[in-house]
Amino acid sequence: MIRPPGHAMTSEKRKRPRGRKWREKRRKAIDRAGRRCERCGAAGKLQVHHKTPLCLGGAALNLGNLEALCPDCHSKAHLNCAHDGVIQ
Ligand SMILES: [Zn+2]
């Protein structure tokens, strides 16, 4: 059997667009927080954190699952998250 060279599978990385709905929810979460980090109160650039990670079945677009955090708190939030395990 001859394998044609350079015929590797072209795996296109599909970037999942967050979409308009996500942007809306994001903004709502940040507005709800008064445009401050919900943990330390820092103003400025905020990120929206999923309290229950999506990989554990958290709702992506449910405001109840969203938290507005500064980048600091956001990365801390992910320190304790067990993305690869089951939270008991
Ligand atoms: Zn913070």
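A: A nonpolar core is a set of buried Ala, Val, Leu, Ile, Met, Phe, Trp, Tyr and Cys residues joined through C-beta atoms within 7 Å. A residue counts as buried if 20 or more other C-beta atoms lie within 10 Å of its own. The model examined here is predicted.

In this model the largest nonpolar core has 10 residues: Ala29, Ile30, Cys37, Leu46, Val48, Leu66, Ala68, Leu69, Cys70 and Cys73. Two elements, helix H1 (19–32) and strand E2, each give two or more residues to this core. The most comes from E2, with three residues.

Strand E2 covers residues 66–69. Leu66 and Ala68 point one way from E2, while Glu67 and Leu69 point the other way. The residues on both sides are buried. E2 pairs with strand E1 (residues 47–50) in the antiparallel sense, over four bridges. In this pairing, Gln47 stands opposite Leu69.

Leaving aside neighbours within four places in sequence, Cys37 is in contact with Ala42, Leu46, Ala68, Leu69, Cys70 and Cys73.

The loop between E1 and E2 holds Leu61. Leu61 is partly exposed, because 13 other C-beta atoms lie within 10 Å. Apart from neighbours within four places in sequence, Leu61 is in contact with Lys21, Trp22 and Lys25. The C-alpha atoms of Leu61 and Arg23 are separated by 9.6 Å, and these two residues are 38 residues apart along the chain.

Now the chain as a whole. The protein chain has two helices and two strands, and from the N terminus on its elements run α-β-β-α. Of its 88 residues, 15% count as buried. Among contacts in the chain with a separation of 6 or more, 56% join residues 24 or more positions apart.

Last comes the confidence of the prediction. The chain averages a pLDDT of 83, and 70% of the residues score at least 70. Confidence is highest in E2, at 97, and lowest in helix H2 (residues 71–79), at a mean of 92. E2, then, is the strand that gives the most residues to the core.

Notes:
Residues are numbered from 1 along each chain as its sequence is written. This is a predicted model: local features need pLDDT of at least 70, side-chain atom pairs count only at pLDDT 80 or more; totals for chains, interfaces and linings use all residues. A residue is buried if 20 or more other C-beta atoms lie within 10 Å of its own, exposed if 12 or fewer, and partly exposed in between; C-beta atoms are placed from the backbone. Two strands pair if DSSP finds at least two bridges between them. Two residues are in contact if their C-beta atoms, placed from the backbone, lie within 7 Å. pLDDT is the predictor's confidence in each residue, from 0 to 100.
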